[in-house]
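Reader: I am new to this structure. Can you walk me through how to read it?
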Amino acid sequence: MAVFYILLVFMLIAAIIAVETDDLLSSVICVGAVGVGGSIMFLLLRAPDIAITQIVVEVLGLIILIRATIARDLTFITGDREFFGLVVSIVIMFVIFLAGVRVLGNLSPFGTPVFSKVLGAASQTYIAEGLQKTGAANIVAAIILDYRGYDTLGEATVLFTSIVGATVMLRSKCRKSLEDKCQ
Amino acid sequence: MKGMTIIVKTVSSWVKVLIFLFGINIILFGHLTPGGGFAGGVILAASYVLLMLAFGRDFAEKNLSLTAASQLDCVGALMFAAVALVGLLYGAASFFWNLIHQQYLADKATEFKLVSAGIIPLCNIAIGLKVGASLFLVILTLSICCKDFKHSTPSTKE
């Protein structure tokens, strides 16, 4: 149990540094540290599927962010924050904190699944009948691709749409900058 | 950008094969071991990103061009939708119905074997293709854009 607290403190420190530092590159690296801490936590909580996905996406995202960061000439943040934005973010954080206290008070203890509290939850049916009904030994694959196939289709659609949008926007921006260069 | 030093190039020319095979392994055994289409696809994309970082963008684009990556992306998405539609058109007429498992594999005790679970391996392959191609596409487009951005704006520092 102490491992989780150590990881939690590590992630908190990294997150605070990521927000507070002036250097964009160190901020990006601290975001990566938060992700690695989360991935180790998932691994220790016996969720290897999530741990693999988390670490792999974190590494690739870090590469993208670092490339996008060091390509800019200006890597230091200058200027103060706006007063209105500061007030709004503090109010929103306070509301989320109040809601979080209520929600976290009702959760089961750390490390035990929430559905063990609820009798007849859908997940218990999945665990009991998943292997026989879908034939997949990995119960996570059985749930996300068979029982919850619609969710995965939605995810794939979101990814497809966002990547089409990003490609179109970035390429038109590229073309414009090329045209400006030619003139 | 012409790539990195000869040490990085030599090491990455060996390692990229292992990373690629590991991604294929994660995708193909997604219904038996932890992992699956999404994680495996990201690992496939990572092997191409390693290629791009070590050897430069032109070399990676020669291996998998922008057009080919977008076509693979569309093929993956269409394959996933087609697997879902097969369950709707044949058999129990419900979207994502596990046709292959229910009709051919259910009474053959195929648990823990590679050929099992019906449509789940097919879905894993489709998602792996889609995610790998699309993430590589994002990095390729970003690197093209960043290069032009760097060249077109006069740098302030020296």
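Predicted model: local features only at pLDDT ≥ 70, side-chain atom pairs only at ≥ 80, totals over all residues.

Reader: What is the mean pLDDT of chain B?
Author: pLDDT is the predictor's confidence in each residue, from 0 to 100. Chain B has a mean of 80, and 87% of its residues reach 70 or more. Confidence is highest in helix α1 (residues 6-28) of chain B, at 90. It is lowest in α5(B), at a mean of 72. Over residues 148-158 of chain B, pLDDT is below 50. The model as a whole scores ipTM 0.77 and pTM 0.80.

Reader: How many helices and strands are there in chain B?
Author: Helices (H or I, at least four residues) and strands (E, at least two) are DSSP runs, numbered from the N terminus. Chain B has 6 helices and 0 strands. Its pattern along the sequence is α-α-α-α-α-α.

Reader: How many residues does helix α4 of chain B have, and which are buried?
Author: Start with span: the expected value is 1.5 Å times one less than the number of residues. Helix α4(B), residues 66-89, has 24 residues and reaches 34 Å from first C-alpha to last, close to the 34 Å expected. Now burial. A residue is buried if 20 or more other C-beta atoms lie within 10 Å of its own, exposed if 12 or fewer, and partly exposed in between; C-beta atoms are placed from the backbone. The buried residues in α4(B) include Ala69(B), Asp73(B), Phe80(B) and Val83(B). Across chain B, buried residues make up 41% of 158.

Reader: Which element of chain B gives the most to the side that touches chain A?
Author: Two residues are in contact if their C-beta atoms, placed from the backbone, lie within 7 Å. By that rule, 51 residues of chain B are in contact with 41 residues of chain A. α6(B) gives the most to that side of chain B, with 20 residues.

Reader: Is Arg46(A) buried or exposed?
Author: Arg46(A) is exposed, because 8 other C-beta atoms lie within 10 Å. Arg46(A) sits in the loop between α2 (24-44) and α3 (48-70) of chain A. Its phi is near 60 degrees, a positive value in a residue other than glycine.

Methods. Residues numbered from 1 in each chain as written. Chains lettered and ligands numbered in written order.
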